[in-house]
Amino acid sequence: MKSTCPVVVNGRVEGELSAPELDVTATGTVQGNIKAERLSSRGMLSGNIDAGDLFLSGSVGNKTVIKAFKTVDGAPWPDAPFLQEDGQTYSPFVVLDVPA
């Protein structure tokens, strides 16, 4: 589904979802390829997520890939690998692989 208007999900959406703004409510679930300039979720997300601004307070499913390009919960998100004080280089992209 592709929308040029903001989308609010109260139920379940499976597949591809693209919108300028996406709000997944506490009762909402989105599974699949998700793309939004602004994504706010209090529900369940899983799949491949591309977001400009990302606000998460819900759940994230197993083997979910999140790419946030601007901010996460209001803080700037790095757009390149970065060096930590421990000398390790870390990627700004997160892959979650949570046992079922």
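Mentor: Before we start, a definition: a nonpolar core is a set of buried Ala, Val, Leu, Ile, Met, Phe, Trp, Tyr and Cys residues joined through side-chain atoms within 4.5 Å. Buried means under 20% relative accessible area, with a 1.4 Å probe and protein chains only.

Trainee: Noted. What kind of model is this, and how are residues numbered?

Mentor: It is a predicted model, where local features need pLDDT of at least 70, side-chain atom pairs count only at pLDDT 80 or more, and totals for chains, interfaces and linings use all residues. Residues are numbered from 1 along each chain as its sequence is written, and side-chain values use heavy atoms, with hydrogens and water left out.

Trainee: What is the mean pLDDT of the chain?

Mentor: The mean is 85, and 81% of the residues reach 70 or more. pLDDT is the predictor's confidence in each residue, from 0 to 100.

Trainee: Where is confidence lowest, and where is it highest?

Mentor: Strand β10 (residues 94-96) is lowest, at a mean of 59, and strand β1 (residues 7-9) is highest, at 97. Where pLDDT is low, the predicted coordinates should not be read in detail.

Trainee: How many helices and strands are there?

Mentor: Zero helices and ten strands. Both are DSSP runs numbered from the N terminus: helices are H or I with at least four residues, strands are E with at least two.

Trainee: Back to the core. Which residues have the most contacts inside the largest one?

Mentor: Leu22, Val30, Ile34, Leu39 and Leu45, in a core of 16 residues. The elements giving two or more residues to this core are β1, β2 (12-24), β3 (29-41), β4 (44-56) and β6 (64-72).

Trainee: What does Leu39 touch?

Mentor: Not counting residues up to four places away in sequence, Leu39 touches Leu22, Ile34, Leu45, Ile49, Ala51, Asp53, Leu54 and Phe55. Contact means heavy atoms within 4.5 Å.

Trainee: Different topic. How do β2 and β3 pair?

Mentor: They pair in the parallel sense, over twelve bridges. Ser18, for one, has Lys35 in β3 as its bridge partner. Two strands pair if DSSP finds at least two bridges between them.

Trainee: And which way do β1 and β2 run?

Mentor: Parallel, joined by three bridges. Val7 has Leu22 in β2 as its bridge partner.

Trainee: Last one: is Ser46 buried or exposed?

Mentor: Ser46 counts as buried because its relative accessible area is 11%. Ser46 lies in strand β4. Leaving aside neighbours within four places in sequence, Ser46 is in contact with Val30, Gln31, Gly32, Ile34, Gly61 and Thr64.

Note on methods
Buried < 20%, exposed > 50% of the residue type's maximum accessible area, 1.4 Å probe, protein only.
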